[in-house]
Amino acid sequence: MKYKKWLLDVLKGGSLGLGMIPGVSAGTMGLIAGIYDRLIDGISALRKEFKKSFVSLLPLGIGAVVSAIICMLGVRFGLDYAPFAIISLFAGLIIGSLPVITKELKGVKITAKPIFLVIIGALFAAGIGVLSAIAKLNNWGNFDAAFVAGEWWTYIGVFVAGFIAAMACIIPGISGAMILFVAGLYDPVLNIYVGENSILHNHARLVSGMFLTLSLLVGIVAGFILTSKLMKGLLAKFHDETYFAVFGFIVGSLVSMYLNQSMITNDTLVWKYSSVTTVEWIVGSLLLIGSAALFFFLSKKSLSLKEKAAE
């Protein structure tokens, strides 16, 4: 019976891997799967009860990694063949997850301060994507080329990517993949392992790829440890302010989902949208509405499960 429970935990851990889909929050999926508290408790107790925590987290970790790889490959090929439809799907997931954030702000009086925080968060998120697109269109910087060349700052970039991915597992409502996508880091990190310039095909970047992987793993570990402590502190002292800023960031990310460096072709430096067909515009619009409705339902369900667990 123990192996059945272990396999079930692997499947539940797979819900965390869905966080590699831009717009999907690993934290929210953890709540829905009923493993969020176990994940947080296990990470928090690693130093004091390492063996017990490691055994508890191992099947969740295996499921998360396998699921994440599958999701990233799907996203990669989907963006190549139907960029607008896939982005609209992601945008709908973001819209549908907003109840996770608004629930935390229920009953809070709206004054100038929270409005300011929402605006700042929205401008910051939108600016990340738009500026990355402007930089690529003007040939100011190409993240893909820099990662292949192994420039020094790319190691910092993948550390940040790992940190953000781990952060998203801790904070329900935040999609780590979404943040990487709007910043133009999603494809470059994925291309380390997939594609013609991956370390499996381009052996000249094998050494740099190994160090990039190490930086990614260090970022993930640091993200889990520091974010859990940081969020506890922020939510304890500035609960409402933190969630208003997060809400603004999520809203602003909707702009960056459509306008970012990843949505510009590498060779000709033109928008991928230029080749979108009428059928894809229609399908994308339907996916936006459908995914928003579906994830709205899942978000509400996760909140209901959380409230029942607290009773």
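Modeller: The lining of the largest cavity splits into one nonpolar residue, three polar and three charged. This is a predicted model, with local features needing pLDDT of at least 70, side-chain atom pairs pLDDT 80 or more, and totals for chains, interfaces and linings using all residues. Numbering runs from 1 along each chain as its sequence is written, and side-chain values use heavy atoms, without hydrogens or water.

Biologist: Which residues line the largest cavity?
Modeller: Lys 136, Asp 144, Gly 184, Asp 187, Pro 188, Gln 261 and Ser 262.

Biologist: What makes a space a cavity and not a pocket?
Modeller: On a 1 Å grid over the protein atoms alone, a 1.4 Å probe fits in a cavity but cannot get out; a pocket is open, with protein on both sides within 12 Å along at least five of seven lines. Lining residues have an atom within 4 Å of a point. The whole structure has one cavity of 30 Å³ or more. The largest cavity holds about 40 Å³, a volume being the space filled by probe spheres on points joined across faces, edges and corners.

Biologist: What is the volume of the largest pocket?
Modeller: About 1200 Å³. Of its 37 lining residues, Gly 61, Val 65, Leu 217, Ile 220 and Phe 224 are closest to the centre. Helix 4 gives the largest share, 13 residues. The lining has 33 nonpolar residues, four polar and no charged.

Biologist: What makes helix 4 a helix, and how many residues does it have?
Modeller: Helices are DSSP runs of H or I with at least four residues, numbered from the N terminus. Helix 4 has 32 residues, so it qualifies. Its C-alpha span is 45 Å, close to the 46 Å expected at 1.5 Å a residue; the expected span is 1.5 Å times one less than the number of residues.

Biologist: Where does the kink in helix 4 lie?
Modeller: At Leu 57, shortly before Pro 59, and it is about 35°. That value is the angle between axes fitted to the seven residues ending there and the seven starting there. Helix 7 bends by about 25° at Gly 127. Helix 7 has 26 residues and reaches 37 Å, close to the expected 38 Å.

Biologist: Why is Val 158 called buried?
Modeller: Its relative accessibility is 1%, and buried means under 20% (exposed is over 50%, partly exposed in between; 1.4 Å probe, protein chains only). Val 158 sits in helix 9. Its C-alpha is 6.5 Å from that of Leu 212, 54 residues away in sequence.

Biologist: Why does Gly 107 count as exposed?
Modeller: Its 80% relative accessibility puts it there. Gly 107 is in the loop between helix 6 and helix 7. Ile 110 is found in the loop between helix 6 and helix 7, and at 53% Ile 110 also counts as exposed.

Biologist: What makes a set of residues a nonpolar core?
Modeller: Its members are buried Ala, Val, Leu, Ile, Met, Phe, Trp, Tyr and Cys, joined through side-chain atoms within 4.5 Å. The largest nonpolar core has 50 residues, and Ile 87, Phe 90 and Met 257 have the most contacts inside it. A second, separate core of nine residues includes Ile 35, Leu 39, Leu 57 and Ala 64. Leu 57 is also where helix 4 kinks.

Note on methods:
Helix = DSSP H or I, 4+ residues; strand = E, 2+ residues; numbered from the N terminus. Nonpolar A, V, L, I, M, F, W, Y, C, P; charged D, E, K, R; others polar.
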